[in-house]
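Here are my notes on the model, point by point. Please read them with the structure open.

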Amino acid sequence: MPLPSDYPEFLASDHLSGRTRDILVTRPEDDRLQAPRVLSPKAFAVLETILPVLLPQEDILGNSPLNLAVRIDTALAGPRDGWRFAELPPDVTAWEQALLTLDDLAQAQHSMPFPALNASEIGQTLDELAEGRHGINAANRLTPEQMQKWSFDLRADAIECFLADARVQDALGISANLNGGDGVFQGFQTVDANERESFEPSPKFPSAKPRDKTFP
């Protein structure tokens, strides 16, 4: 697959397998989806509102942020790793019910839908979710304990989808994918912290620090 001209140089490396390269190149295509795959429009609108407060992207990606809401919805539509908190229902159900719980809570506490809240109110809600202070004891909604557990999944999936993008990996100097190639496992010779090999990209984001490649 030919590389787009605006894509990071590390994608052309022979230390990257063709399969991984194709995945990284085509992943941004999901950003152009106009409708969610598994979440309801109402739940998706809540997710779109909460993510920019939870994970601001401007410092790393400038005015071209990832559509994290679409990427999370796409991930929910695909195969999952099978791990979840025992207190929560299956992933798609948990995300749908959690997001609708947030919307119901916004209506009850602020007399407006969740997408109408300002950034300060959303940030406070995120903090209080982590403390187990928000939830609804009703059918098809999540209790405070469940919402607390789901808030951990929210953070984990947002970070995972963000770091899975080639532009983010390039900006932060993440080289964990550069461990082989097609038909050969080349790996790393230098694995000490703060050491980089010639084929590894350097961080372009000023505060990104080199890290030990034994823990990618």
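1. S111 sits in the loop between helix 5 and helix 6. Helices here are DSSP runs of H or I with at least four residues, strands are runs of E with at least two, and both are numbered from the N terminus. Phi of S111 is near 60°, a positive value in a residue other than glycine. Most residues other than glycine have a negative phi. S111 is exposed, with a relative accessible area of 64%. Exposed means over 50% relative accessible area, buried under 20%, and partly exposed in between, using a 1.4 Å probe and protein chains only.

2. A word on the basis. This is a predicted model: local features need pLDDT of at least 70, side-chain atom pairs count only at pLDDT 80 or more, and totals for chains, interfaces and linings use all residues. Residues are numbered from 1 along each chain as its sequence is written, and side-chain values use heavy atoms, with hydrogens and water left out.

3. N140 also deserves a look. N140 is in the loop between helix 6 and helix 7. Its phi is positive, about 65°, although N140 is not a glycine. N140 counts as exposed, at 53% relative accessibility.

4. N118 caps the N-terminal end, with a side-chain oxygen 3.1 Å from the backbone nitrogen of S120. Just after helix 6, G132 takes a positive phi of about 75°.

5. Which residues of helix 6 are buried? They are I122, G123, T125, L126, E128 and L129. These buried residues pack against helix 2 (41–54), helix 5 (91–110) and helix 7 (144–163). Contact means heavy atoms within 4.5 Å.

6. Helix 4 covers residues 68–77. Eight of its 10 residues are buried, so helix 4 is largely enclosed by the rest of the structure. The buried set is L68, A69, V70, R71, I72, D73, T74 and L76. Note that R71 and D73 are in that set. The buried residues of helix 4 pack against helix 2, helix 5 and helix 7.

7. Q146 lies in helix 7. Is Q146 buried or exposed? Q146 is buried, with a relative accessible area of 16%. Leaving out residues up to four places away in sequence, Q146 touches E87, L88, P89 and R141.

8. Now the whole chain. The protein chain has eight helices and zero strands. Its pattern along the sequence is α-α-α-α-α-α-α-α. The C-alpha trace spans about 55 × 35 × 30 Å along its principal axes. Of the 216 residues, 43% are buried. Among contacts with a separation of 6 or more, 63% join residues 24 or more positions apart.

9. Last, surface and charge. The protein chain exposes about 11,600 Å², and carbon and sulfur atoms supply 50% of it. These areas come from the Shrake-Rupley method with a 1.4 Å probe; for residues, only the protein chains shown count as cover. The chain has 19 positive and 33 negative charges, and their mean positions are 1 Å apart. Lys and Arg count as positive, Asp and Glu as negative; His and the chain ends are not counted. Each charge is placed at NZ of Lys, CZ of Arg, CG of Asp or CD of Glu.

Methods:
A polar contact is a pair of N or O atoms within 3.5 Å; within protein, one must be able to donate a hydrogen and the other to accept it, and residues adjacent in sequence count only if both atoms are side-chain atoms.
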